[in-house]
Every structure is written in C-alpha cells, then in structure tokens.
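Have the sequence and the 3D view open as you read.

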Amino acid sequence: MGTLPRKVGMLCWMAWSTTCPSLGFSVSSSLFQAAQTECKTRLERLPVHCLPYQELLEESYLKEKHWVYAVLMAVMESLPILHQRCAIHEILRSVLGKTYLGASSKLLDNLNDEIHTLDQALSSLQNYLDALTCGQYQVMEDSRVSRAESSACEMASWIYHTVDCDSAAFNWYVEDCKKLVKGQIASLDHKRTTWPSLAEYVSVITEKSIGDVWIDIDLCQAEELDRDVYLLKKSNEYIFKSSLLYDDVQDLIEDIETSSVNSVLLLGLERNIISEEDIKTLEPSQMQNLLYEANIVEDIIHLADAFFLKGIYAFLDIETEAVDKKGLLYSFQLVRLFNFRKLLREHRDRKTLKNVMASFSDMQSLRDTIPEEIGALVW
C-alpha cells in the first residue's frame, strides 16, 4: 500500500471510530501525529554505533510502514484503555513504547530470518532481552548487520525507559519479555532439530507474539491488577496470537523462501500435503498453490479466527467502566482487518472478501465456520 492510500485509510479509520467515547477524531489524530513525529525524530537520531535509520530503510531491514502502522494501532488501543486513567502525555508515552516494540521486533525478525546464522540469531535475542528488561545491551560495530542489530536493541532500550519499574504490572512486563524471546527461540529450533507440530506451534511458538509485552506497556500505568485488568490482558494476548497466524498466511511465500517456521507449512506437513524435502526443493509459488488447493491456508485462517474469538469472548467479560469497550472492540476489529490487507490485495476474490468482512460479523456466525478439530487447538 502506497503512502497516500495508507494515510487515507488511517484517517478513514479514525473518523469511523469517532462515535467511541475515547476516540474523538481531534484527540486520536493529534495523538497519532505527535507520536509519529516524535518517533521519526528519534529514529533519525540513533546513536553512532547503530545503523542509521535511512540505511535501515535502504537495506530493507525495516520499512517506514512497519512503525507507522504500529503508531496507529497503539493509538487506537491505548486511548480506550487509558483515557480515564492518564493524562494525554502519559498516553503518548505508552503509544511510543508500543511503537518502538513493533519496530524493533520487526527489524530483529528480519535480521534473524534472512541474514543471521542460528547462533547469531540466538545471541541477538539475548541481547534484545537485556535491552527490553534492563535498558542496556552489548554494542557490536564490526559490520553493518551488527550495527542494524544494535539499532533494534537501542529501540528496545527506549521501551524500558517508557515503563514504570515500580508499577504493579512491571513484573508482568519482564516475564512477558522473557516469554517473547523464548517463543522466538522456539521458532528457530527447527533449523537445528526437526519441524515442530502445529500443536507445539500453538502452545509455545505463538508466545513470540509481541501482544503480551504490548499490553503490559499500557498496564504499567494501571494502579492495581484486578480481574478486569487480567481479562484485558488475556483478550489482547489472544488477539495478537491470531495476528501471528494471519501473518503466516500473508507471509507464506517469504517464509518458504527463508525456511522460517510457519503454521501453514506445519499443517501441510501433518496432513502429508507437502514434505520437508518439498520445502527445500519446490518453487514457493508451487507449494503455495498446493496448500491453497488442499484448504490448508483456509484452515489456518480458521485457527486464527479461533484465537481472535477467544480474545473477544474474554474481552466481553470485562465489567469496568474505566475502559471504553466500544472503542477497544473497534481496535480489535482494526487488528483483524489489518491482517487481511495483503491477502485481499493478492487474492481479490469472493472468499477473501468474505473473510475480511467477517471482522464486522456477529461472533457466533464466525465461530460456526471453524471446523471442530481446528477449534480444539484453541478452546
């Protein structure tokens, strides 16, 4: 999506959400602009031991849209959660922390998937964890790739300095950072052992989703951790795990090319549609066609929908009036809609459009489409 269509789409979404108490257009748009401006300014002032922002873009290690989308989703979620608890400058701090999380994790993912050896990837993840949880990391300047890794860790250290270390939720933040890195490591293990099962992917590797840390950045501004805060955290966790699966569908070709773990490939292996040898030898487009024809891709979308619905059901149990539930529901719908953007662009057919529009359907209709054996992995 080009810059102009992206901006128009974002403005349309913010305008559509103005009926929500926390998402007035003037507030959400000004917060979006303030966060975008501050984030870009900081990216353009990365320390000298980092690879400069423009060079990150030139090398395609990072794309501007990665962090701009993160700003939008952070604004649309942080406002409903924090609008009654925090001043606007405090909400801006959360939005920026979440944006740095989205940008840094995407940058490091790209390096680990496409450039690093397994040992380099594992080392980079430990360095990243130190940056997230201590605000410090080991600086390496021996190559452009090492400097790019330092860029990711520098952004991660910014997150640490946005959260309140004395808050009730800080321990959640630290433990969830560890889970995120553990999930990332698990996603790389197949390169030295064997491919995991889909059940293992669902129970362990989905922890590499940034969702838990993402919501913790907001919750570090909560005064107490009650039942509603816990449900809010769980609902967000499942929504982001669904995003990981939707992304597997969208990024299938790229993941085949880089031999990255992907739930679509795992289900294809389990159903004997493809073999490990096929992953090494078949053309990515040929394998993608096989997986589409065997309804493997469709079943992974169903699996993502199961996680999405589990998140919505947890969310609907929240009772507090401190959260703008209508606004947050809109934000969750935005996440699902966002996850179909690439798929809709590549497959402009009735089935894909129907999947997109299901973001706005009643939850029971969406649940009824999910095969029992797929839902059993989640419910």
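F170 and Y173 are both buried, where buried means under 20% relative accessible area, exposed over 50% and partly exposed in between, with a 1.4 Å probe and protein chains only. This is a predicted model, in which local features need pLDDT of at least 70 and side-chain atom pairs count only at pLDDT 80 or more, while totals for chains, interfaces and linings use all residues. Residues are numbered from 1 along each chain as its sequence is written, and side-chain values use heavy atoms, with hydrogens and water left out.

You will find F170 and Y173 in helix α8, three residues apart, or about one turn of the helix. Helices (H or I, at least four residues) and strands (E, at least two) are DSSP runs, numbered from the N terminus. The ring centres of F170 and Y173 are 5.8 Å apart with the planes at 25°, so this pair is stacked.

How many aromatic pairs does a search of the whole structure find? The search finds five. Rings of Phe, Tyr and Trp (its six-membered ring) pair if their centres lie within 6.5 Å; planes under 30 degrees apart count as stacked, over 60 as edge-to-face and the rest as tilted.

One of the pairs joins Y160 and F170 edge-to-face, at 6.4 Å centre to centre and 65° between the planes. This pair links distant parts of the chain, with Y160 in helix α7 (residues 144-160) and F170 in helix α8 (residues 170-188), 10 residues apart. Y160 is buried, as is F170. Through ring pairs, Y160, F170 and Y173 form a cluster.

## Charges over rings

A charge sits over a ring if NZ of Lys or CZ of Arg is within 6 Å of the ring centre and within 35 degrees of the ring normal. R367 lies over the face of W379, 3.9 Å from the ring centre. K325 lies over the face of F315, at 5.7 Å from the ring centre.
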